[in-house]
Amino acid sequence: GNDPEDCQPTQITATVPSIWNVVPEFDTVQADGETGNVVPIDQFYQDVTSGQLPQVAWIQPASDVSEHPVALVSKGQSYVTALINTVMKSPYWATTAIFLTWDDWGGFYDHVPPPVLFNANELGFRVPLIVVSPYARTAYVSHVNHEFGSILHYVEETFNLGSLNYSDSRSDDLQDCFDYTQTPRAFSRISTSIDQKYFIQHPTSPGEPDDE
């Protein structure tokens, strides 16, 4: 509705600082005892430094680095760049694949209509996906239909896991984005005005990104 009260930000109560994700509140997450796997972002930096980074890590930005209104896009870009630089300059770089993507298309026009698989809620307008890896194809633009389930499919294949039989089962595995025969690309620091020390010393806001 147009009531100003409808536009007020909703504060989600969670036991994890510096994150707006509601994952810790899902009944299945609690029942499986997985809430301990949702940690603040400074734990990521500590794990990379100490060599304790898990084999699969999902990072979701908090409100003030989310690139959503009214957050500064430049700050969100620096946030992501600091994360990637941290991995690239570590021993993890040689065996790491980073998938950088967004949860919506930003409201810009897209001339390609989304395919209808089962119903109108399945797929929407295209969103960016950037693959960062020493084995990522150079200057490559994929023309394969990917979806968010493709990332999960890639993880399942990499670790010989079974399928969840949802979007991952119908999605591709993103293998067209890689060339494992090429000479591994060396680390090259990405320039940023704000480095990891800033984000460690200045915890991000726990609020939701879509607060306006």
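Which elements are included in what covers the buried residues of H4? In this predicted model, local features need pLDDT of at least 70 and side-chain atom pairs count only at pLDDT 80 or more, while totals for chains, interfaces and linings use all residues. Residues are numbered from 1 along each chain as its sequence is written, and side-chain values use heavy atoms, with hydrogens and water left out.

Helices (H or I, at least four residues) and strands (E, at least two) are DSSP runs, numbered from the N terminus. Helix H4 spans residues 148-158, and its buried residues are Gly-149, Ser-150, Ile-151, His-153, Tyr-154, Val-155 and Glu-156, where buried denotes under 20% relative accessible area, exposed over 50%, and partly exposed the range in between (1.4 Å probe, protein chains only). The cover over these buried residues includes strand S1 (98-101) and helix H5 (167-170), contact being defined as heavy atoms within 4.5 Å. Just after H4, Asn-160 adopts a positive phi of about 55 degrees. In the loop between H4 and H5 lies Asn-165, which is not a glycine but has a positive phi of about 60 degrees; with a relative accessibility of 63%, Asn-165 counts as exposed.

When residues up to four places away in sequence are not counted, Val-132 touches Ile-84, Met-88, Trp-93, Thr-96, Ala-97 and Ile-98.

Seven aromatic pairs are present in the structure, a pair being assigned to rings of Phe, Tyr and Trp (its six-membered ring) if their centres lie within 6.5 Å, with planes under 30 degrees apart counted as stacked, over 60 as edge-to-face and the rest as tilted. Phe-44 and Tyr-45 form an edge-to-face pair, at 5.7 Å centre to centre and with 70 degrees between the planes; Phe-44 counts as buried at 11% relative accessibility, as does Tyr-45 at 3%. The ring centres of Tyr-135 and Tyr-180 are 5.9 Å apart and their planes stand at 45 degrees, so this pair is tilted. Because Tyr-135 lies in the loop between strand S2 (129-132) and H4, and Tyr-180 in the loop between H5 and helix H6 (196-201), the pair ties together parts that are 45 residues apart in sequence. Tyr-135 is partly exposed at 21% relative accessibility, and Tyr-180 is likewise partly exposed, with a relative accessible area of 45%. One aromatic cluster is formed by Phe-99, Tyr-135, Tyr-154, Phe-178 and Tyr-180.

The loop between H2 and H3 contains Val-70, which is joined to Pro-69 by a cis peptide bond with omega of about 5 degrees. Glu-67 is also placed in the loop between H2 and H3 and, although not a glycine, has a positive phi of about 70 degrees; Glu-67 counts as partly exposed, at 24% relative accessibility.
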